[in-house]
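Let's take a friendly tour of a protein model. Have the sequence and the 3D view ready as you read.

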Amino acid sequence: MDVLSTWIGKGVQGSLRLAGRTGGTLPGKVVESIDAGYLARRLATLPRGVTVVSGTNGKTTTTKMLAHVLGTRYRVLTNPTGSNFTRGAVSAVVDVARWNGRLDFDLAVLELDEAYAARFVAEHQPHRVVVLNVLRDQMDRFGEIDHTARLLGRAVAAATGEVVLNRDDPRVAALADLATVPVRWFGVDASLRSLFRSDDELHVDDVASVEPTRPADVELTAYSPDHSTYRIQTTSHDVELKAEGAHNAQNAAAVIAAALGEGLSADDIASALGDVPPAFGRGETLDVAGRQVVLQLAKNPGGFRLALMSQAPAPPDVSVVAINDDYADGRDVSWLWDVDFTGLAATKGPVMTAGTRAADMALRLRYDGVDVAEMVTDVPAALRRAVEEAPVGGRVVVYTTYTAMWRLHEMLRDRGGRRSR
Amino acid sequence: MSVHIVHLYASEMNIYGDNGNVAVLRRRLEWRGIDVAVSRLGVGDPVPSDTHLLVGGGGQDAGQAVITDDLASKGPDLRAAADAGVPMLLICGMYQMAGHYFAPFDAPRLAGVGLLDLHTEAGPTRLIGNIAVDSDLGPLVGYENHSGLTYLGADARPLGTTAVGQGNNGTDGTEGARRDNVIGTYLHGPVLAKAPSMADHLLSEALAAAGMSRDLEPLDDSLAEQAARVARSRPR
């Protein structure tokens, strides 16, 4: 059956490529529908098993970093950026399997969203489960964040080797009670706690006084935009991450914890982390017509807050906030009012809004005392305007929801924008 | 003289941008040069006697259970304030708790505070999506996300009728409830951001409660109107 399913999946993939389309998730969808157990049986052959990465924010970056770091020692199978449903994982397996269905890999690192992680573990018990955070996001899909935490609890309970949990997020830390295997903790130093807030702390003025509840195996001890310091068990290590943003520094702590579990040394992990290029739109900097364009995915209050605080090293010449409300973004834009935008008033250049909810965003900024220079519904057009407004050698920062980022991705691919760091 | 806005259960019941209603009310006073003070009213805190406007938001089901006992202890003061004409805006979870009771699907009934003549029963599915409402206070747009179905009694009148969406219970076409100056609604958004006339109605009543002139200079709300038009055109 595995040989047959692999052939069918590869057949679908080949036809799509002949038709000039990328593989996408269709091969996985087809194989899933004819052979529901395919993924579980194939993954069961991996000698070091599967690591599932889940949580509200940072799944894509964390998966990419972890796959890269583990790739310095092992053959790593991973799912492509952002395809965090099980059919994306099936497609990835079909793509890399030999024609006889064999997987020439040591282990897999799979990004799964909260609902699919719960479904996935019913089919395949992963070796390791990494949970980053539980924050308010997509409540039109999940209903409540307490429900999201329960879904993640099912994944944690299924882990057969270890779980890696965020000590500082109470909803994540509580999941430790459900684990039947050892817990490896990551966290941030108490002095950085106000930067990395749990959902319950979004509206608290001062969280600096919150003392950690338990020791962590890995701790982010110092953060500046171009430099992160980690305590890894007992030693201190400096890392220059290529992905901008404090949230990526926090995600890297989870990566370090998981990589320790695979037997890598602290020195090797720290050095490999410095080589990971950012995932698209997660703190990535591109060169567009001689201007630096930084893309920051900002799809919920926690992520937006950290993205806004990640400004560095120079303040932007133009800022763009692009808010779409398509299904993949979440139809509801109420969450924009859970973000404090007052800091944008102090940026030196103009602020523009873009996307289907450009007017909503401009209204939001008005109430935070931020003047909006322009509203442009079409997202690529907005970026073109922003680039014109910025001087050559200048810097444009774009905060963007998912689908707005896809539009920018297409546009920048077409005009040949390239990575500048 | 300043207007005192009280944010009820700002920590326990504050989800989905509902604190934005407080920000809108505060700014609309500041823009007009009227002094305003905002305080957060948490579990165990007494209701201030100089409350001129009270705002409460939605919460998780768990948050609703946490505040039930405390709400009962605040009940007499809140009902006295409502009877005296103090304006109140209660969203989603607090709207439900402003009624006689909320009956969850698989948990004991939670007693409400009886500010509004209504009750709420858990329904089989969540009512989720963009919503547009026609009301006496102008057109309202927002987002609803609730499993409770709310039914009004004789002493409450609907805030409006649903043009898009499900509203109180998905069957009778009503949304929200009013009595005196108390308004309850399922609309997140936050609702006041794109409904400046409703915001100013509440502020006018708050000024009266504070013993100040009701006069409110007009503001340029073209951006709010534009955002509301877009919101109304979006898929549910």
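## A helix and its neighbours

The buried residues of α11(A) pack against α4 (59-70), β9 (235-239) and α10 (246-261) of chain A. Here, buried means that 20 or more other C-beta atoms lie within 10 Å of a residue's own, exposed means 12 or fewer, and partly exposed is in between, with C-beta atoms placed from the backbone. Helices (H or I, at least four residues) and strands (E, at least two) are DSSP runs, numbered from the N terminus.

Which residues of helix α11 (residues 266-273) of chain A are buried? They are I269(A), A270(A), A272(A) and L273(A). Because they cover an arc of only 165 degrees around the axis, they sit on the same side of α11(A); the arc is that of the directions from the helix axis to the C-beta atoms.

## About the model

This is a predicted model, in which local features need pLDDT of at least 70 and side-chain atom pairs count only at pLDDT 80 or more, while totals for chains, interfaces and linings use all residues. Residues are numbered from 1 along each chain as its sequence is written, and chains are lettered from A and ligands numbered from 1 in the order in which they are written.

## Where the chains touch

In chain B, 31 residues are in contact with 23 residues of chain A (contact: C-beta atoms, placed from the backbone, within 7 Å). α5(B) gives the most to this side of chain B, with six residues.

The peptide bond from G189(B) to P190(B) is cis, with omega near -15 degrees. P190(B) lies in the loop between β12 (182-185) and α4 (196-209) of chain B.

Note on methods
Two residues are in contact if their C-beta atoms, placed from the backbone, lie within 7 Å.
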